[in-house]
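Reader: I'd like to learn how to read a model like this one, starting with where the chains meet. Can you walk me through it?

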Amino acid sequence: MEQLLQHLVNGLVLGGTYALLGIGLTLIFGLMNVVNFAHGEFYTLGAYAAFAALALGGVDFVVAVLAAIGAGALLGALCERVLLRPLRAESIDTTMLVMIGVWIAMQNGELLVWGGVAKSIPHPFPTAPLVLGPVSIAPLRVFVLVLAAGLIAASYLLIHRTKLGRAMRATFQDRDTAALMGVRISRIHTATFAFGSALAAAAGALLGPVFLAYPSMGDLAALKAFCVVILGGLGNLPGATLGGLLLGIAEELGAGYVSSGYRDAVGFVIIILVLLLRPSGLFAREERIG
Amino acid sequence: MIRLARGLGALLALTLPFWLANPYFLHVVIMAGIFGVLALSLNLLLGYTGQLSLGHAAFFGIGAYTSALLTLRLEWSFWLALPGAVALTALAGWLIGRLALKLRGAYFVLVTISFAGVISLVSVNWMELTNGPLGLPGVPAPELGPWSLRAKSAYYYLVLAGVALSYLVCARLVGSRIGRAFLALRENEPLAESVGVDVTHYLVLAAVVSAGLAGLAGGLYAHYTRFVSPEVFLFTYTVTMVVMVVAGGKGTLAGPLVGALLFTALPEALRLATSWQWQMLAYGVLLVLLVFFLPRGIVPALAAWRARRAS
Amino acid sequence: MLNRWVPVVLVVLLAGALLTPAGFAQAPVKIGVIQPLSGPVAASGNYVRMGAEIARDWINARGGIGGRKVELVIEDNKSDPKEAASAAEKLIVRDRVPAIMGAWGSSMTLAAMPKLEEYGVPMVVETSSAASITKRGNPWIFRISPPSEMEALGLERYVAKLGVKRADFLAVNTDWGRGAVGAFGDMLKKKGAAVGAAEFMDQAATDMNAQITKIKATGGDTLFLTTAVEQITLVMKQAQEQRLGRKIITTGGSSSPTQLIKQAGAAAEGSYHILFFMPWFPEAMPDGKLAKAFVDEWNKRGHPFEGLTEGFRGHDGIATIAEAIKAARKDEPKAIRDALWKVSLMGVNGPIRFEKDGPAGKESGQSKPSIFVVQIKDGKVALPDFLAQK
């Protein structure tokens, strides 16, 4: 029983990190229909930006996270403007291939700049765990969970309650009508990609201190993010959140009670089952936006 | 003109080991051939039915493991083990096709990724069968009567035969009524269905043939490197296949082969051209530039260029 | 065309070298190096490369081999067996290296091995731990790193002093991790200790809480941890979060305690580490002067101190090959192979000498490296109490 409780708490914390990874991608992949293989690299970028600001620049932790978000947004905007905009008329495979190239180039660029040695990102929280009966959890993890919830809520509000968000939804639902209504389509594309990339960078800055920063850290993160997005339904922010939590808890229980060697298989099997039984995602209300 | 180029190409391929004496270059060509079969296989799904499989390394790996295990554990001859590997991967393709046939686009992609993930974990954890992460060393080189095909030049012809067979299978399939059904499916599925194309049937067929060819490539790989480990399921292998198909020109027969040759030679050329720090970085940048200037792939770009010159 | 002239040119140069001991402009002696320089274990591969470069520069500063400079031809295997085989092929055929050092991970080494047999070129294996490497009957393999069984035997005499009564295992799910769990498990059972859970983690995994929670429930006293330093850091931090409260012993010699102190902080306190080099007290190594010189050179080059526990392998591998080439008096693969059987030198780790291992007639060489245990005490690396008192 004690063990089960600890497993559930672990799963919740892990699921929170998956949700954070998934929300940025659900915009880029779900709304814009770009199979963004470089998403994990924006996560890595966020972690390294936070490391640079904290360890080298000596700024406050919150400032470092903001710096990472800024770096992610800037590079995301640049990426969309230079690489994706000219290819917007091409098929989804073509843009996917470009993003594969960006993925490989960015990861090896990071290896060149930072070296292969993992960086530990300092954080201001005590390392002694919070103990609640049989369960213990690190204070940093609680903070990350809270901030992730905040970021997800803020993104939801931005998409559903602001003018920019309305323009985004309109653009990806019916591009021509949106254009007729005076929405500047190109700007919306750039803004959406920058926003999704900024969220990935935020995830990197928040999770970097929990784990470590190293050049290939984005690979597994991106794979999990794709799973979360599909589980939750494309473009569905609350869905991605629930999908992340579900995946985290399922993996944790699978590793705890089935076999740790098959840990990642648990997530894969759930995805296969969900897709076979509910092909449009676990929490989707409509087939697809955009 | 085209016929002349084709004839020259065939002559080149058939006589290659005689004038390309350097075994390192021959090695690169053999790897390109194995990846050529893989690219043809992926192209059948991606290029002709429009379904992207990001789990194709699973079929490659299943083929490699099956052929290696059949020769190592049951001491089958290579000539029986290879068809065995093809049959088992085709069966796996049928299973995935049946399971995922209702899914389209991103959802199909995810099922294939997950399938590959599960299979890869099985190869790591099922120690009794696969020897786990320790891999299977000592996979025998094929023998033909009294001759061993261990020598590179001999193995080259084996791979060449594999490529030719895969190409013919694809060409026959695509040129037939089935191929037209594939295209109808890709272009407009509801329309295809409304005129009586049995969508399910054709998708499963494409998946079976595609998986079988990937299994063939896996078997050829296992007996060439003579070592199989769970790394055959690496996601980078799938990514490499996608790059080859899309950059070469999806939905064309020659495209995947051109892509396979180019993207097997490129990393090796970069090995010669620059030190290790820059190789993968340059690979990524070159890939971006290629897509940027030839978004539809090399072969379609060449065809368009020829059409423009003719008019 | 050009290649055909290479042997002729070499003979002429060799003759020149014999006539003029000082040597004039001569073709360098090439040694191939295959390491994972990108991908998930890039850090370790690069440390080994740095160590190899130190060995090269030292040899050249002393006048090279028979007056000829040593040149390293370095290739990246990208942690992929296919790439390791391609790299070996390229080094042997294109660059014509007469000997190779590589290829870090066991599956990379195993994939490169058929190429060595095909072309008849010896390889000194500096890191790989899988027993099968020297048992396969590949007479071109010479290993200076210990297989897991040898490492476990090295720890045997300390089991009682470490107070291991009931041990659990957490290991990376690769040949290395699986091999270590088997070898150390057997050794502990022989010594009468109980073996509890054996849990595995993916090479790229960052969250090991599930495994730790499971291990916590077994009620053991010791956790044997086998993986790269990044995952050791994460496991230690997460074990602290969960109040695991076990004695942790890391195996495999890749643990870099200095990096653990820096990155895991208090979570690393009290842990033991099996190592093959102790850069904190070089004077305690078999050849204190050489070890000290290596540490000083490493620091002078500005390489990270935490890389020393890996970097020494690169030095020892290249030094071994250079010694063999010197003894062979020519850079010809077969002569170097024969000479490798006779080399006896002092590496940073200790004496290197090859003994026969594997099926009769086709034996591989296996050296018997020195094995050390250190402990993290008060945020510093120290000899464990039971060793320090001696």
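Predicted model: local features only at pLDDT ≥ 70, side-chain atom pairs only at ≥ 80, totals over all residues.

Reader: How many residues does the contact take from chain A and from chain B?

Author: As a general idea, the size of an interface is often given as the accessible area lost when the parts come together. Here we'll go by residues instead. The contact takes 30 residues from chain A and 32 residues from chain B.

Reader: Which elements of chain A supply at least two residues each of the side that touches chain B?

Author: Those are α4, α9 and α11 of chain A. On this side α4(A) gives the most, with 12 residues. Sorted by class, the side of chain A that touches chain B has 22 nonpolar, 5 polar and 3 charged residues.

Reader: Now the other partner. How many residues does the contact take from chain A and from chain C?

Author: That contact takes 30 residues from chain A and 32 residues from chain C. On the chain A side, the elements giving two or more residues are α1 (2-31), α4 (92-114), β2 (135-137), α9 (217-232), α10 (237-257) and α11 (263-277). Here α1(A) gives the most, with 5 residues. By class, this side of chain A divides into 13 nonpolar, 13 polar and 4 charged.

Reader: Take A:A50. Which residues is it in contact with, leaving aside its neighbours within four places in sequence?

Author: A:A50 is in contact with A:A64, A:V65, A:A67, A:A68, A:I121, A:A205 and A:G208.

Reader: And the build of chain C: how many helices and strands are there?

Author: Chain C has 15 helices and 16 strands. Its radius of gyration is 21 Å, close to the 21 Å that the globule rule gives for 390 residues, so chain C is as compact as a globular protein of that length. Along the principal axes, the C-alpha atoms of chain C fill a box of roughly 70 × 40 × 35 Å.

Reader: What share of chain C counts as buried?

Author: Of its 390 residues, 60% count as buried. For contacts in chain C between residues at least 6 apart in sequence, 68% join residues at least 24 apart.

Conventions: Residues numbered from 1 in each chain as written. Chains lettered and ligands numbered in written order. Contact = placed C-beta atoms within 7 Å. Helix = DSSP H or I, 4+ residues; strand = E, 2+ residues; numbered from the N terminus. Nonpolar A, V, L, I, M, F, W, Y, C, P; charged D, E, K, R; others polar. Rg over C-alpha atoms; globule rule 2.2 N^0.38 Å. Buried ≥ 20, exposed ≤ 12 C-beta atoms within 10 Å, placed from the backbone.
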